[in-house]
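Trainee: I would like to learn how to read a structure of this kind. Please take me through it feature by feature.

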Amino acid sequence: PQEHQEEAKSSAVASSQIFHSDGGEMEPETMEIKSVSEYFTKMHMGSVMSRQRG
Amino acid sequence: MEVSCLELALEGERLCKVGDYRAGVSFFEAAIQVGTEDLQVLSAIYSQLGNAYFHLHDYTKALEFHRHDLTLTRTIGDFLGEAKASGNLGNTLKVLGRFDEAVVCCQRHLDIARDINDKVGQARALYNFGNVYHAKGKSICWSGAEPGDFPEEVMMALRKAAEYYEANLVIVKELGDRAAQGRTYGNLGNTHYLLGNFRKAVASHEQRLLIAKEFGDRSAERRAYCNLGNAYIFLGEFEVAAEHYKRTLQLARQLKDRAVEAQACYSLGNTYTLLQDYERAIDYHLKHLIIAQDLNDRIGEGRACWSLGNAYTALGNHDQAMHFAEKHLEICKETGDRSGELTARMNVSDLQMVLGLSYSTNSSTLSENKDVDYNMHGARPRMSRRHSMENLELMKLTPDKMNVRT
């Protein structure tokens with residue numbers, strides 16, 4: 001569970017390779033994540049910062 | 001009141017975060033229908049739709065949306081966004097087996113990350129690169145050959161994978177990112193395993209295990225134990241392998257993962273066969289069989305029957321061996337496994353002969369079968385063929401460590 005927090009930026013995709021005859025079980029892929037809410041938080045922070053500067 | 005694109009996208013995001021990708025997709029698609037002037041929002045929607053489809057294993061759709069995201073980010077000159085889109089596109093192309101295109105995407109991801117001096121991005125691109133080359137190596141010529149003995153093209157791809165994983169490790173160690181180190185050690189271990197570097201594979205998986213324990217990540221711990229077991233098999237250290245498989249089994253049970261539990265039992269069955277402890281082998285193969293039946297996994301069931309037939313034969317219990325050989329034949333016919341069917345037919349005919357011999361009081365039966373190399377093998381006529389087949393898989397596992405009769 002902690003590791004999942006560490007992986008906040010990525011998302012774990014379960015490996016379908018269960019059988020070792022396939023050459024070992026692989027670790028999950030890391031996908032890059034974009035977020036609308038993060039984008040707006042940054043935008044909001046940006047405007048607050050510029051207002052403070054001004 | 002009209003719902004805005006942004007509201008729909010936020011709901012899609014929330015649903016994907018809790019793992020409900022189907023519902024998430026519906027909201028993101030509705031958001032696109034409504035439309036937005038904000039291209040950053042649109043990029044985030046495309047990207048998340050791509051990832052949602054990736055999680056749902058609809059890779060064609062995932063490809064479509066990550067492509068849209070890449071085109072969009074390039075158009076608006078959003079480099080960081082382009083790097084992320086390239087990374088996701090690369091991962092998707094890898095799963096689709098389009099490795100050359102995937103490599104181009106990984107390179108773009110890496111180049112941008114280097115340009116903007118983004119260490120985290122560089123590390124992630126290097127990990128993806130390693131994964132692409134690992135998958136490429138495995139795709140070229142996987143079945144039939146044994147680790148360390150693949151065609152040069154395969155070995156080259158695997159060596160490249162190892163190089164990228166090593167380069168990734170340098171950065172993630174610098175960053176102190178233990179979770180990323182864990183993932184890389186796991187895949188590096190599997191790469192060394194395929195390259196035939198079993199000692200190095202063990203060293204990597206030991207590191208993976210250590211980090212999994214640090215995080216209390218039992219799934220990763222289970223993976224590490226299983227991969228360690230596999231490497232020890234190739235090192236000829238069967239007892240050690242068995243101990244690792246037992247830990248795998250324990251964790252699979254704790255995690256209530258029946259498919260993995262079945263796999264661990266199967267591995268244990270094979271390991272005890274290598275140790276020539278057939279009673280224990282049978283015990284584990286039976287456990288595997290029961291789970292395979294529960295899960296309605298006919299292929300697994302067939303494999304269990306074949307293994308059981310061989311183990312009973314080794315013990316000289318030909319009635320039980322026949323029971324499982326026939327069952328194996330029946331399943332192979334049903335699943336359309338032609339080579340399995342051929343093997344099963346030969347096993348059944350061999351056993352018919354043995355049973356015929358042991359039940360028959362008629363000496364003519366013996367004389368009819370004189371051409372069989374009966375004398376050579378004492379009470380077990382034509383065992384050579386069975387043993388060679390039984391060991392087919394296991395011999396590959398242990399090219400020069402086996403001392404089982406052939």
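Predicted model: local features only at pLDDT ≥ 70, side-chain atom pairs only at ≥ 80, totals over all residues.

Trainee: What does the secondary structure of chain B come to?

Mentor: Chain B has 19 helices and zero strands.

Trainee: What share of the residues counts as buried in chain B, and what share in chain A?

Mentor: A residue is called buried when its relative accessible area is under 20%. In chain B, 53% of the 406 residues count as buried. In chain A, 37% of the 54 residues do.

Trainee: What part of the contacts in chain B comes from residues 24 or more positions apart?

Mentor: Among contacts in chain B with a separation of 6 or more, residues 24 or more positions apart account for 54%.

Trainee: How do I read the packing of two helices? Please use α3(B) and α4(B).

Mentor: Take the angle and the axis distance, then the handedness, then the residues. Helix α3 of chain B covers residues 39–55 and helix α4 of chain B covers residues 59–76; their axes are 7 Å apart, at an angle of about 160°. Angles over 145 degrees count as roughly antiparallel, so α3(B) is roughly antiparallel to α4(B). Their crossing is left-handed. From α3(B) the contact includes Leu39(B), Tyr46(B), Leu49(B) and Phe54(B), while α4(B) supplies residues including Phe65(B), His66(B), Leu72(B) and Ile76(B). By class, this contact of α3(B) with α4(B) has eleven nonpolar, eight polar and two charged residues.

Trainee: Is Phe54(B) buried or exposed?

Mentor: Phe54(B), which is found in helix α3 of chain B, has 0% relative accessibility and therefore counts as buried. Sequence distance and spatial distance can be read side by side here. Phe54(B) and Asn88(B) are 34 residues apart in sequence, and their C-alpha atoms are 9.3 Å apart in space.

Trainee: At what angle do the axes of α12(B) and α13(B) cross?

Mentor: They cross at roughly 160°, and the axes come within 9 Å. The two helices, α12(B) and α13(B), are therefore roughly antiparallel to each other. The crossing of α12(B) and α13(B) is left-handed. Among the residues making the contact are Phe238(B), Tyr245(B) and Leu249(B) of α12(B), and Val260(B), Cys265(B) and Leu268(B) of α13(B). The contact of α12(B) with α13(B) divides into twelve nonpolar, three polar and three charged residues.

Trainee: Which way do α5(B) and α7(B) run relative to each other?

Mentor: The axes of helix α5 (residues 79–95) and helix α7 (residues 119–140) of chain B come within 10 Å and cross at roughly 15°. Angles under 35 degrees count as roughly parallel, so α5(B) and α7(B) are roughly parallel to each other. The crossing in which α5(B) passes α7(B) is left-handed. Gly87(B), Gly90(B), Asn91(B) and Lys94(B) of α5(B) meet Asn128(B), Asn131(B), Val132(B) and Ala135(B) of α7(B). The contact of α5(B) with α7(B) has two nonpolar, five polar and one charged residues.

Trainee: Which residues touch the most other members of the largest nonpolar core?

Mentor: For a core, ask how many residues it has and which elements supply them. The largest nonpolar core has 64 residues, and Tyr193(B) and Leu268(B) touch the most other members. Helix α8 of chain B, residues 152–175, gives the most to this core, with ten residues. Another core, of 23 residues, lies apart from it; its members include Tyr39(A), Ala9(B), Val25(B) and Ala31(B).

Trainee: What is the phi of Lys256(B), and what is that of Asn296(B)?

Mentor: Most residues other than glycine have a negative phi. Lys256(B) has a positive phi, near 55°. This residue, Lys256(B), lies in the loop between α12 and α13 of chain B, and at 71% relative accessibility Lys256(B) counts as exposed. For Asn296(B), phi is near 60°, again a positive value in a residue other than glycine. Asn296(B) is in the loop between α14 and α15 of chain B, and its 63% relative accessibility means that Asn296(B) counts as exposed.

Methods: Residues numbered from 1 in each chain as written. Chains lettered and ligands numbered in written order. Heavy atoms only, no water. Core = buried A, V, L, I, M, F, W, Y, C linked by side-chain atoms within 4.5 Å. Buried < 20%, exposed > 50% of the residue type's maximum accessible area, 1.4 Å probe, protein only. Helix = DSSP H or I, 4+ residues; strand = E, 2+ residues; numbered from the N terminus. Axes fitted to C-alpha atoms, helices over the stretch in contact; angles between N-to-C directions. Parallel < 35°, antiparallel > 145°, perpendicular 65-115°, else oblique. Left-handed = near helix turned anticlockwise from the far one by under 90°. Contact = heavy atoms within 4.5 Å. Nonpolar A, V, L, I, M, F, W, Y, C, P; charged D, E, K, R; others polar.
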